[in-house]
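User: I would like to learn how to read ring pairs and sheet layout in a model like this one. Could you take me through them step by step?

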Amino acid sequence: MGRTYEAVYIFDSALEDTAITEKLDRFHALLPQPAEAPIALTTWGKRTLAYPIAGKETGFYVVAKFEAEATSL
């Protein structure tokens with residue numbers, strides 16, 4: 001059993017939901033997950049960034065909680 005981690009993803013707010021889902025699936029495919037501990041996603045939605053990044057003032061936030069061994073990260 002690994003440790004519990006939390007990752008916050010900030011996507012371009014102009015992306016469609018399907019594009020965000022595809023990116024999350026691709027990222028999470030890199031993490032080996034036991035069947036009893038799936039990745040839990042919490043969608044915060046579109047929020048204003050604290051400061052502009054690459055000219056963008058808003059981002060689409062998703063929080064992922066997962067278990068992983070330190071060596072797999």
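User: How many aromatic pairs does a search of the whole structure find?

Analyst: In this predicted model, the search of the whole structure finds five aromatic pairs. One of them is formed by Tyr5 and Phe66, whose rings are stacked, with 5.9 Å centre to centre and 25° between the planes. This pair links distant parts of the chain, since Tyr5 lies in strand β1 and Phe66 in strand β3, 61 residues apart.

User: Is Phe66 buried or exposed?

Analyst: The general idea is that a residue counts as buried when its relative accessible area is under 20%. Phe66 has a relative accessible area of 8%, and is therefore buried, whereas Tyr5, at 24%, is partly exposed.

User: Why is the pair of Tyr9 and Phe27 called stacked?

Analyst: The general idea is that ring centres must lie within 6.5 Å for a pair, and that planes under 30 degrees apart count as stacked. The ring centres of Tyr9 and Phe27 are 5.6 Å apart and their planes stand at 25°, so this pair is stacked. Because Tyr9 belongs to strand β1 and Phe27 to helix α1, the pair ties together parts that are 18 residues apart in sequence. Tyr9 is buried, with a relative accessible area of 17%, while Phe27 is partly exposed, with a value of 30%. Ring pairs also bring in Phe11, so that Tyr9, Phe11 and Phe27 are linked into a cluster.

User: What is the order of the strands in the sheet?

Analyst: Reading a sheet begins with asking which strands pair with which. Here the sheet is open and has three strands in the order β1-β3-β2, with antiparallel pairing. The strands at the edges are β1, covering 3–12, and β2, covering 40–53, each of which pairs on one side only. On average, neighbouring strands of this sheet are turned by 30° against each other, with direction ignored.

User: Where does helix α1 pack, and which strands does the helix touch?

Analyst: For a helix on a sheet, one looks at the contacts and then at the direction. Helix α1, made of residues 17–28, packs on the sheet and touches β1, β2 and β3. The direction of helix α1 makes about 145° with that of β1.

Key:
Residues are numbered from 1 along each chain as its sequence is written. This is a predicted model: local features need pLDDT of at least 70, side-chain atom pairs count only at pLDDT 80 or more; totals for chains, interfaces and linings use all residues. Side-chain values use heavy atoms; hydrogens and water are left out. Two strands pair if DSSP finds at least two bridges between them. Helices (H or I, at least four residues) and strands (E, at least two) are DSSP runs, numbered from the N terminus. Axes are lines fitted to C-alpha atoms, for helices over the stretch in contact, and angles run from 0 to 180 degrees between N-to-C directions. Contact means heavy atoms within 4.5 Å. Rings of Phe, Tyr and Trp (its six-membered ring) pair if their centres lie within 6.5 Å; planes under 30 degrees apart count as stacked, over 60 as edge-to-face and the rest as tilted. Buried means under 20% relative accessible area, exposed over 50%, partly exposed in between (1.4 Å probe, protein chains only).
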